[in-house]
Amino acid sequence: MSNKIRHESYLAQANVAAFTIVRYGSADGTCTPATAATDALIGAADALDKTTGEMADVCTGDFGEVRLGGTVTRGAPLTANASSLAIATTTAGNRIIGFAEQSGVANDVIRYRVAPGVL
């Protein structure tokens with residue numbers, strides 16, 4: 001199994017907390033915190049908080065880490081809640097960042113397999 005974590009940098013148009021999910025911003029190369037399961041999700045930010053105007057590194061390949069907003073079981077598809085935290089979803093039409101590699105509860109930081117898409 002590969003342990004590779006690939007990151008892409010995006011200009012933060014708002015404060016981005018560590019390990020939270022971000023969506024595309026209003027211009028190319030920008031991001032903002034995700035606030036809904038239907039947002040155009042990019043992935044989870046890295047371990048460093050970023051303020052508006054700083055470059056946020058977002059996991060875009062293989063595996064990443066994300067903070068949970070509720071109980072998740074390994075293998076569950078992950079989307080964003082209103083606080084930019086990862087929650088499990090089975091709702092058709094929800095966008096996802098990938099699948100949980102570990103089980104966890106609210107505020108845990110877990111590994112996930114990057115596989116953005118729509119259920």
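These are my notebook entries on a predicted model.

Nine strands form an open sheet, in the order 4-2-3-1-5-9-8-6-7, and the pairing is mixed. Which strands stand at the edges? They are strand 4 (41–44) and strand 7 (86–88). Each has a single partner strand, so one side of each lacks a neighbour in the sheet. I then looked up the turn between neighbouring strands. On average they are turned by 50 degrees against each other, with direction ignored.

**Entry: pairings around strand 9**

I took strand 5 with strand 9 next. Five bridges join them, and they run antiparallel. Phenylalanine 63 stands opposite arginine 113 of strand 9. On to strand 8 (residues 95–100) and strand 9 (residues 109–118). These two are antiparallel as well, joined by five bridges.

**Entry: strand 6 and its partners**

I checked both partners of strand 6. Strand 8 runs antiparallel to strand 6 and is joined to it by two bridges. In that pairing, proline 77 stands opposite phenylalanine 99 of strand 8. Strand 7 also runs antiparallel to strand 6, with three bridges between them. The bridge partner of leucine 78 in strand 7 is alanine 88.

Next I looked at side-chain directions. Pro77 and Thr79 point one way from strand 6, while Leu78 and Ala80 point the other way. Are these four buried or exposed? All are buried.

Strand 6 and strand 7 make a hairpin with five residues between the strands. There I found serine 84 with a positive phi near 70 degrees.

**Entry: the cores**

I searched for nonpolar cores. The largest has 17 residues. Ile21, Val66, Val72, Leu78, Ile97 and Tyr112 have the most contacts inside it. Strands 4, 5, 6, 8 and 9 each supply at least two residues of this core. Which strand gives the most? Strand 9 does, with three residues. A second, separate core has nine residues, among them Ala12, Val16, Cys31 and Val58.

I listed the contacts of isoleucine 21, setting aside residues up to four places away in sequence. Isoleucine 21 touches Pro33, Ala34, Leu41, Gly43, Ala44, Val66, Thr79, Ala80, Ser84, Leu85, Ala86 and Ile97.

**Entry: threonine 20**

I moved to the loop between strand 1 (5–12) and strand 2 (21–24), where threonine 20 is found. Its relative accessible area is 7%, so threonine 20 is buried; the cut-off is under 20%. The side chain of threonine 20 reaches the backbone oxygen of alanine 17 at 2.7 Å. Beyond four places in sequence, threonine 20 is in contact with Gly43, Ala44, Ala45, Ser84 and Leu85.

**Entry: threonine 60**

Threonine 60 lies in strand 5 (residues 55–67). Why does threonine 60 count as buried? Its relative accessibility is 18%, and buried means under 20%. Outside the four places on either side in sequence, threonine 60 is in contact with Arg6, His7, Glu8, Tyr10, Ile42 and Val114.

**Entry: glutamate 101**

Glutamate 101 sits in the loop between strand 8 and strand 9. At 27% relative accessible area, glutamate 101 is partly exposed. What joins its side chain to that of arginine 113? I found a polar contact of 3.4 Å. Arginine 113 is also the residue opposite phenylalanine 63. Glutamate 101 and leucine 41 are 60 residues apart in sequence, and 19 Å apart in space from C-alpha to C-alpha.

**Entry: cysteines**

Cysteine 31 is buried at 0% relative accessibility. Cysteine 59 is buried too, with a relative accessible area of 2%.

Definitions and conventions: Residues are numbered from 1 along each chain as its sequence is written. This is a predicted model: local features need pLDDT of at least 70, side-chain atom pairs count only at pLDDT 80 or more; totals for chains, interfaces and linings use all residues. Side-chain values use heavy atoms; hydrogens and water are left out. Buried means under 20% relative accessible area, exposed over 50%, partly exposed in between (1.4 Å probe, protein chains only). Contact means heavy atoms within 4.5 Å. Two strands pair if DSSP finds at least two bridges between them. Axes are lines fitted to C-alpha atoms, for helices over the stretch in contact, and angles run from 0 to 180 degrees between N-to-C directions. A nonpolar core is a set of buried Ala, Val, Leu, Ile, Met, Phe, Trp, Tyr and Cys residues joined through side-chain atoms within 4.5 Å. A polar contact is a pair of N or O atoms within 3.5 Å; within protein, one must be able to donate a hydrogen and the other to accept it, and residues adjacent in sequence count only if both atoms are side-chain atoms.
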